[in-house]
Amino acid sequence: MNDSIYQTRHAQGFATASLVLGIIGLATGCCIYTSIICGSLAVIFALLSKGGEMTLPGKSKIGLALGIAGVILGALVLAVSFVYMLAQFGGLEGYLEYCNDLLQQMESGYPTF
């Protein structure tokens, strides 16, 4: 009987963690890495909250959905940023040349106005 109570509390803890991380992952969709990390952890915790049961608790279902949405949003922002970088600088070589020019400007000192 004690094990059952522990497993229920354990599952509720994972469900709550999944819900919170899912919300954070979706809310920080524009921050690529935070969104992907928190969304992934939300999915993992939602699946861990299942325990030996056949169904997910309510909080876990919501956390799972928010986590998946956060990962998709983060991946979408990453892909759009990469495509924009390629279009803006004419490819990876153009971006590397731009970074090299910035580095040379920093080494020589910025002009004063």
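Predicted model: local features only at pLDDT ≥ 70, side-chain atom pairs only at ≥ 80, totals over all residues.
1. Residues are numbered from 1 along each chain as its sequence is written, and side-chain values use heavy atoms, with hydrogens and water left out.

2. The protein chain has four helices and zero strands, and its elements run α-α-α-α from the N terminus on. Helices (H or I, at least four residues) and strands (E, at least two) are DSSP runs, numbered from the N terminus.

3. Of the 113 residues in the protein chain, 22% are buried; buried means under 20% relative accessible area, exposed over 50%, and partly exposed in between (1.4 Å probe, protein chains only). Among contacts (heavy atoms within 4.5 Å) with a separation of 6 or more, 64% join residues 24 or more positions apart.

4. Helix α2 (residues 32–48) packs on helix α3 (residues 58–89) at an angle of about 155°, with the axes 7 Å apart. Axes are lines fitted to C-alpha atoms, for helices over the stretch in contact, and angles run from 0 to 180 degrees between N-to-C directions. The two helices α2 and α3 are therefore roughly antiparallel (angles under 35 degrees count as roughly parallel, over 145 as roughly antiparallel, 65 to 115 as roughly perpendicular and the rest as oblique).

5. The residues of α2 in this contact include Ile32, Gly39, Ala42 and Ala46, and those of α3 include Ser60, Gly63, Gly67, Ile68 and Ser81. By class, the contact of α2 with α3 has eleven nonpolar, nine polar and no charged residues. Ala, Val, Leu, Ile, Met, Phe, Trp, Tyr, Cys and Pro count as nonpolar, Asp, Glu, Lys and Arg as charged, and the others, Gly among them, as polar.

6. Ala42 lies in helix α2 and counts as buried, at 0% relative accessibility. Leaving aside neighbours within four places in sequence, Ala42 is in contact with Ser18, Leu21, Gly22, Gly63 and Gly67. Ala42 and Ile68 are 26 residues apart in sequence, yet 8.1 Å apart in space, C-alpha to C-alpha.

7. Ser18 belongs to helix α1 (residues 2–27) and is buried, with a relative accessible area of 0%.

8. Gly58 is found in helix α3 and counts as partly exposed, at 47% relative accessibility. Gly58 and Ala46 are twelve residues apart in sequence and 9.9 Å apart in space, C-alpha to C-alpha.

9. How do α3 and helix α4 (residues 92–108) pack, and at what angle? The angle is about 75°, with the axes 7 Å apart, which makes α3 roughly perpendicular to α4. The contact is made by Met85, Leu86 and Phe89 of α3 and by Leu92, Gly94, Tyr95 and Tyr98 of α4. By class, the contact of α3 with α4 has six nonpolar, one polar and no charged residues.
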